[in-house]
Each structure stands twice: as structure tokens, then as C-alpha cells.
Amino acid sequence: MPRLLHRLFASNAPVALVIGAALTLSGCSRPSTVQEIRNEGTLHVITRVAPSIYYEGRDGPTGYDYELAKRLAGKLGVKLKVRTAEDNTEILSVLDRNYAHIGMAGLSDQPEFDKRFRTLATGIRTQSVVVYHRDMSRPESLADLSGKSLNLVADSDHEAILKSLGALDQSIALKTHPGLDPAGILARVESGKYPFAVVSSNELELNQVFFPHVKEAFALGKPRELVWLFPKEQDDTLVKTARSVLNDLKENGVLAQLSERFYGHLDRLNYVGARTFMFHVRNRLPKYEDLFREQAKAFDMDWRLLAAIGYQESHWRPNAVSPTGVRGLMMLTRNTASYIGVNNRLDAEESIEGGARYFQIVHDKIPERIPEPDRTWFALASYNVGFGHLEDARRLAESAGKDPDRWIDVKEFLPLLAQKEWYSKTRFGYARGQEPVIYVQNIRRYYDVLARLTSPAAPVSPEVPPQLSSAEPTNSQSNADTSQAKDDPELRASLPPDLSVIPPTL
């Protein structure tokens with residue numbers, strides 16, 4: 001390779017500049033964008049960390065847009081290289097300089113993009129929505145916000161939409177916050193610091209359950225589809241290829257699967273599906289109860305705790321399969337199954353044994369100095385989000401003067417791992433830290449019901465906290481549950497007698 005090309009490839013020079021130099025030296029005509037990608041063997045993507053786009057999950061990189069880009073790279077026969085930006089401003093700057101093939105910014109198409117980018121809709125529709133703290137009077141329109149401030153993330157769709165709708169004419173102050181992501185904005189509405197804000201509806205859906213004091217007031221404009229951005233310097237071959245891949249994914253149902261994976265489960269995180277659970281206790285659990293008892297006894301744990309984990313993972317379905325390949329009654333990943341010696345993840349007995357073995361491994365990693373029941377709660381959180389992210393949350397708790405060995409303290413810091421201002425300070429980075437809190441909560445709920453309905457095969461192991469055996473709620477739990485039922489009469493009416501009391505969030 002000529003010395004000039006060597007220096008260009010080793011630098012962060014634009015893709016077009018590298019290829020242009022090669023063509024000048026060789027005297028050949030310039031290949032198409034797709035051919036350039038195949039020649040290099042890499043599809044370059046610039047994005048930001050967000051649960052709706054891209055993040056590091058328990059089993060590696062994931063996110064709706066990332067999963068689509070991975071499939072596009074596979075179609076092209078190249079590897080996918082993802083670089084993360086601090087914010088949308090950086091993403092747009094990188095694309096303007098043609099330093100990446102695709103930008104995934106969670107933005108919809110805008111008139112100003114016509115001269116700068118090519119765009120491709122990705123199948124997710126969204127709106128800008130005004131949100132407010134529930135203690136405030138609900139605004140019905142922008143007119144109700146006259147003289148007030150609206151808070152929003154920087155470089156989003158919202159500012160342009162608000163201006164087009166006359167927000168400035170109505171003396172509404174638009175305050176952008178470059179250092180915050182949507183979760184950070186919602187956290188401040190939750191605390192009351194920002195009475196009013198604007199976020200994308202899909203970001204609200206992803207975070208709503210974790211911010212119960214945030215309510216939606218009204219939407220701004222019509223629904224619009226989120227898009228990928230392509231540098232204008234590129235020809236249209238990559239856009240056409242990407243459109244073809246997305247059309248194929250839509251036709252074979254994978255696009256709907258991915259949409260359900262990242263958005264379809266959101267409404268079930270905020271409460272236990274009581275009637276469904278009781279139905280499955282009667283109709284599914286009897287098929288696997290002996291297996292839960294046998295494997296739990298082998299690993300010295302309460303079988304009802306193991307069964308509760310299994311229900312949270314798959315609703316006791318031995319043939320359950322996720323879009324990412326996690327499968328079986330205990331929803332084991334391929335790597336985990338290989339590590340613990342499970343050959344057939346769809347075999348119920350192997351899956352339950354593998355789940356019990358893996359939970360024991362995770363439980364043993366939790367420091368022995370942490371007493372029960374907290375040690376079990378930490379183990380469950382680690383089973384869900386990974387030991388590294390749990391340790392990050394414990395360090396954040398300790399740095400804030402809290403006790404890193406108490407679940408009640410650490411559970412406050414796990415959700416912060418989804419906010420850039422916090423996860424940027426950690427070793428393992430972004431995590432959907434709200435989910436392990438809900439995960440632990442749900443398993444405790446399932447366990448409490450099983451403890452009422454069944455009896456253990458043997459005395460509860462010292463490894464399992466004695467609190468797990470209690471079928472009666474405490475007074476504080478009863479008060480909290482009564483309050484919740486009053487707030488949500490439909491939920492109260494739907495609960496069978498066995499679940500008339502729902503334990504509060506841990």
C-alpha cells in the first residue's frame with residue numbers, strides 16, 4: 001500500500017477521502033458506497049447510548065437500531081463497527097464530514113436534512129409529547145404553558161416542532177440541556193425540579209414505569225417515523241440496500257419481533273399480571289414442580305424461589321425463544337448454557353438444572369459479608385443485569401454515603417446507570433438499570449404467592465432468607481398496598497383473593 005494510503009487508513013480521515021486517494025493513485029473510477037464498504041470489510045456506524053438505539057446489554061451490544069444495523073452488515077458480508085457519540089450534535093457533525101456510513105440518532109426526518117443527508121425510516125413511529133409532574137395542573141395545550149419553561153434535550157426534534165407551533169409567540173421559554181439524555185430529563189420532572197418538559201413518546205414509553213410521578217399532557221404535531229441518516233456525499237446504493245433489508249425483515253416478521261422485544265413488554269413491568277400468574281400456577285406449574293423441587297434441593301435452595309425465577313424468565317414455557325437467541329424455560333444464553341454444561345436449552349430438565357446452577361454461581365460471587373435477605377436480592381439483580389453493572393451501582397451508592405451492602409440503598413442507584421451523567425462515571429457503563437429493580441420486585445411477588453399456595457419439600461436453606469418464607473405481609477406493606485389499590489381501582493378489581501395484597505417495590 002502506498003505510504004499516503006497507509007497514513008490515511010491509520011487516521012480518522014473521511015471514508016470518501018481514503019477511497020478518493022486510492023482512486024487517484026490507481027487511476028480507477030470510484031466504486032459505489034456498497035462496494036467501498038465491502039472492499040474495506042466494515043460498516044461504520046455512529047450513534048449514542050440509549051435504550052431505544054444502542055447499549056451494552058448483559059449478553060453484549062443490543063438495541064433496536066443496533067439489531068437492524070447488525071443484520072444490514074450481515075447482508076453486506078462485512079463486520080459492524082459502532083462508535084458512540086456524546087450527543088446528537090456530535091453524530092450530525094461526524095456525518096457532515098462523511099466520517100461514518102450511517103448515523104443512528106433517534107431523530108425523525110427534518111426539512112433541514114434535505115441538503116445534508118439521505119434518510120431511511122426504521123419502523124418506529126413517535127411524537128414529541130409534553131410531560132409534567134403529577135402535582136402540577138395538567139396543561140391542555142401550549143397556551144396553558146404561556147410564561148412557563150419547557151425543558152428538553154439538546155439537538156432533538158422537539159425545538160423545531162415547538163417553534164413551528166408558535167411556542168415562542170406564546171412566551172414559552174425553551175430550555176435545552178446538552179448534558180442530559182431523556183432519562184435525565186424525566187428524572188428531573190419526577191423530582192419536581194422541572195415541572196414541564198418535552199420528550200419523544202418512545203422514550204417516555206421506555207421510561208414511564210420508572211417515573212410514576214411523570215404524566216403525559218398532550219402530543220405536539222403528528223406522529224413521525226424515526227430515521228437513519230446517511231452522508232449526502234454517499235451515493236444511494238447503501239440506502240437502497242438498507243431499505244431492502246428492512247423490507248425483508250418486515251415481511252418475515254423479524255421487524256415486528258424486534259419492536260415487541262424493545263417496546264412490547266413495557267406495560268407489564270409496572271405490575272404483576274395477577275390473573276395470568278394464577279392461571280399458570282394451576283395449569284403449567286404442575287408439569288414442572290417436581291423438576292423445580294429436585295434441582296433446588298440439589299443446589300440447596302428453596303424450590304419456590306427457583307420457580308419464581310423461571311416464571312419471570314419464560315412464564316414456565318420450555319420452548320420460549322427470544323429474538324436474540326436466549327431460550328428455554330430459564331432463558332439461558334448460548335454462552336451461559338455452554339459455561340454451565342447445558343446441551344439442550346429447550347429441554348425443561350436441563351434448563352431448570354442450568355438455571356439453578358447458574359444462580360448458585362452468581363449467588364456465590366456476592367460478598368459473604370452481605371447478610372440475607374440482601375445477598376439474595378443482589379444475586380437476583382446480578383442474574384438479570386450482570387455482576388459488573390451491579391458492582392457499579394454499589395460503588396455509586398458508596399460514593400454517595402449510602403451502604404453498598406444494603407439492597408434498599410443500592411436499588412436507588414441501579415436506575416441511574418441508564419443516565420449518561422451517572423454511567424459515564426462507572427467502569428461498565430450504560431445499563432438498563434431499572435430492569436433489575438423490577439426483576440427483583442416481580443420475583444419476590446411471585447415467590448410470596450407460591451409460599452402461600454405450596455409448601456417446601458424441605459426446610460428452607462440458610463442460603464435463602466427466612467423472610468422469603470413469610471406468607472403474611474407486614475403492616476407497612478398492607479398500608480402501601482391499600483393505597484395502591486385505591487389509586488388504581490381496576491387493578492384492585494382484577495386481583496384474585498390470593499393476590500389481594502401486592503408487596504411494594506423493594
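Ala-397 is in contact with Lys-402, Val-410 and Phe-413, leaving aside its neighbours within four places in sequence. Contact means heavy atoms within 4.5 Å. Ala-397 is found in helix 17 (residues 387-399). Helices (H or I, at least four residues) and strands (E, at least two) are DSSP runs, numbered from the N terminus. Ala-397 is buried, with a relative accessible area of 0%. Buried means under 20% relative accessible area, exposed over 50%, and partly exposed in between, with a 1.4 Å probe and protein chains only. The C-alpha atoms of Ala-397 and Leu-414 are separated by 9.0 Å. These two residues are 17 apart along the chain.

The model is predicted: local features need pLDDT of at least 70, side-chain atom pairs count only at pLDDT 80 or more, and totals for chains, interfaces and linings use all residues. Residues are numbered from 1 along each chain as its sequence is written, and side-chain values use heavy atoms, with hydrogens and water left out.

Now the whole chain. The protein chain has 22 helices and ten strands. Of its 506 residues, 53% count as buried. Take the contacts between residues at least 6 apart in sequence: 69% of them join residues at least 24 apart.

Two further residues illustrate pairs separated in sequence. Ile-438 sits in helix 20. At 8% relative accessibility, Ile-438 counts as buried. Ile-438 and Ala-381 are 57 residues apart in sequence, and 9.2 Å apart in space, C-alpha to C-alpha. Asn-39 belongs to helix 3 (residues 33-40). Asn-39 is exposed, with a relative accessible area of 51%. Its C-alpha atom is separated by 9.1 Å from that of Val-78, 39 residues apart along the chain.

Next comes helix packing. Two packed helices are described by the angle between their axes and the distance between the axes.

Start with helix 12 (residues 285-298). The crossing is right-handed. A crossing is left-handed if the near helix is turned anticlockwise from the far one by less than a right angle, and right-handed if clockwise. Helix 12 contributes Tyr-288, Leu-291, Phe-292, Glu-294 and Gln-295 to the contact. Helix 15 contributes Ala-348, Glu-349, Ile-352, Glu-353 and Ala-356. Six of these residues are nonpolar, one is polar and three are charged. Ala, Val, Leu, Ile, Met, Phe, Trp, Tyr, Cys and Pro count as nonpolar, Asp, Glu, Lys and Arg as charged, and the others, Gly among them, as polar.

Helix 15 passes helix 16 in a right-handed crossing. From helix 15 come Gly-355, Tyr-358, Phe-359, Val-362, His-363 and Asp-364. From helix 16 come Arg-375, Thr-376, Ala-379, Leu-380, Ser-382 and Tyr-383. By class, the contact has six nonpolar, four polar and two charged residues.

Turn to the backbone. Most residues other than glycine have a negative phi, and most peptide bonds are trans. His-315 has a positive phi of about 60° although it is not a glycine. His-315 is found in the loop between helix 13 (303-314) and helix 14 (334-340). At 27% relative accessibility, His-315 counts as partly exposed. Met-331 lies in the loop between helix 13 and helix 14. Its phi is near 50°, a positive value in a residue other than glycine. Met-331 counts as buried, at 12% relative accessibility.

Last, the cavities. A search of the whole structure finds two cavities of 30 Å³ or more. On a 1 Å grid over the protein atoms alone, a cavity is a set of points where a 1.4 Å probe fits but cannot get out, and lining residues have an atom within 4 Å of a point. Grid points are joined across faces, edges and corners, and a volume is the space filled by probe spheres set on the points. The largest cavity holds about 110 Å³ of space. Of the 16 residues that line it, the closest to its centre are Pro-51, Ala-183, Asn-207, Ala-418 and Tyr-430. Helix 7 (182-191), helix 8 (201-207) and helix 20 (434-453) each supply at least two lining residues. The largest share, three residues, comes from helix 8. The lining divides into nine nonpolar, two polar and five charged residues.

Note on methods. 1 Å grid on protein atoms, 1.4 Å probe; cavity = no way out; pocket = protein on both sides within 12 Å on 5 of 7 lines; lining within 4 Å.
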